[in-house]
Amino acid sequence: MKAKIQEKFESLFGEEGILYASAGRINLIGEHTDYNGGYVFPGAINFGIMAAIKPNGTDKVKVYSLDFDQMSEFGLKEEDKPKEAWACYVFGVCRETIKRGGTVKGFNAVFAGDVPLGAGLSSSAALESTFAYAVNDLFNDNKIEKFELAKIGQSTEHNYCGVKCGIMDQFASIFGKEGALIRLNCKTGEYKYFPFHPKGYKLVLIDSCVKHELASSAYNKRRESCEKAAAEIKKLHPEVDFLSDAKRLWLDEVRDKISQEDFLRAEYVIGEVQRVLDVCDALERDDYETVGEMMYQTHFGLSRLYEVSCEELDFLNKLARKMDVTGSRVMGGGFGGCTINLVKEELHDIFIETAVEKFTEKFGHAPKIYEVVISDGARKL
Ligand code: GLA
């Protein structure tokens, strides 16, 4: 990828660019908890975005996407938003940096990536983090703190891409470290690295290749449900700022004040926040059976209470259970994308073979299999 990017950069701009990269992410457990002030447990992966970048001495950005085979040119003022959807991520990062008092000047860039799009592996966070990191390095002497870089990516989603996401993806993509998952408390910003080398197990992602058209509006709607439930609980328990602050019992107290739908969403979230802590404890004991069981519970919640799964993902989850796979669940925002599976090594090959065969038979297209390695996040190469 590196050679291709540099080659294109040279042919377009007549010199070499400086190389930066960042990563997509997985999340072992803790889904839809981030915007509720709860815990998440992600790690960066060996699929990412790479970019060659060089200041160009103007006030314009020229950025070329190798994957879309397209150039976008834009200025750095609010009204200069580019028309290409992919370029809005780069533009948003520049704008959010400037809004925070940072410096961004014109630059040339070429980038490419291997994070599968729409698979729930956060290709967009990888793109935002690559550019946030680069802009900090090239124009701000690396003075913007890492957590702020993640927030720049998150605000890009909010203000330029229409997704009211939490902080998990951008956090993982910036803070990711080889061989470690990171437990983040999304309310306080405290985090802890957990070495993750499950002996005798593998992590396998199965991509249903299903993409939900309305995923971002459905996502925003889930967030609204949670905020409504939290606001109602706050009336009785003023210490509740986020749903993650609420006890399960407190939710029952407002049962007839909120819709049944909002109740179920909130019930899922409160359970999920606790499951992250349980999984971290289990990992410290090398108790992968408990980790896996929690993953199944998460899937149940995401499917029946939070309703962000789909037929294809439920099918893969059920098959995993039937084949005695240790843990399996839909990963990321949902509405399509992948299941993440914790599989005993001896079961690995037969599980994949069976999943591909049965899935293809039922849905008429093959799922994709990704073997992920927990890797470093944003960096200069
Ligand atoms: C998407 C969002 C994240 C998070 C997950 C669900 O990936 O970008 O902030 O909410 O969904 O856990």
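Which residue in E12 is the bridge partner of Ile-206? In this predicted model, the bridge partner of Ile-206 in E12 is Ile-369. Residues are numbered from 1 along each chain as its sequence is written. Because the model is predicted, local features need pLDDT of at least 70, side-chain atom pairs count only at pLDDT 80 or more, and totals for chains, interfaces and linings use all residues, while side-chain values use heavy atoms, with hydrogens and water left out.

Helices (H or I, at least four residues) and strands (E, at least two) are DSSP runs, numbered from the N terminus, and two strands pair if DSSP finds at least two bridges between them. Strand E9, residues 201-211, pairs with E12 in the antiparallel sense over 4 bridges. These strands belong to an open sheet of 4 strands with the order E10-E11-E9-E12 and antiparallel pairing. Strands E10 (327-330) and E12 (368-371) stand at its edges with a single partner strand each, so one side of each has no neighbour in the sheet. From one strand to the next, the twist averages 20°; axes are lines fitted to C-alpha atoms, for helices over the stretch in contact, and angles run from 0 to 180 degrees between N-to-C directions.

Two helices accompany this sheet. Helix H9 (residues 288-305) lies across E9, E10 and strand E11 (336-344), and runs at about 25° to E10. Helix H10 (residues 311-322) also packs on the sheet, where it touches E9, E10 and E11, and its direction makes about 10° with that of E11. Contact here means heavy atoms within 4.5 Å.

Elsewhere, strand E3 (residues 42-55) has 11 of its 14 residues buried, so the rest of the structure largely encloses it. Buried means under 20% relative accessible area, exposed over 50%, and partly exposed in between (1.4 Å probe, protein chains only). E3 is joined to strand E1 (residues 18-27) by 9 bridges, and the two run antiparallel; Asn-27 has Pro-42 of E3 as its bridge partner. E3 also pairs with strand E6 (residues 107-113), in the antiparallel sense over 7 bridges, and here Ile-53 stands opposite Ala-109 in E6.

Finally, a look at one side chain. Arg-95 lies in helix H2 (residues 85-99) and counts as buried because its relative accessibility is 12%. Its side chain is joined to that of Glu-78 by a polar contact of 2.6 Å. A polar contact is a pair of N or O atoms within 3.5 Å; within protein, one must be able to donate a hydrogen and the other to accept it, and residues adjacent in sequence count only if both atoms are side-chain atoms. Leaving aside neighbours within four places in sequence, Arg-95 is in contact with Leu-76, Lys-77, Glu-78 and Tyr-160.
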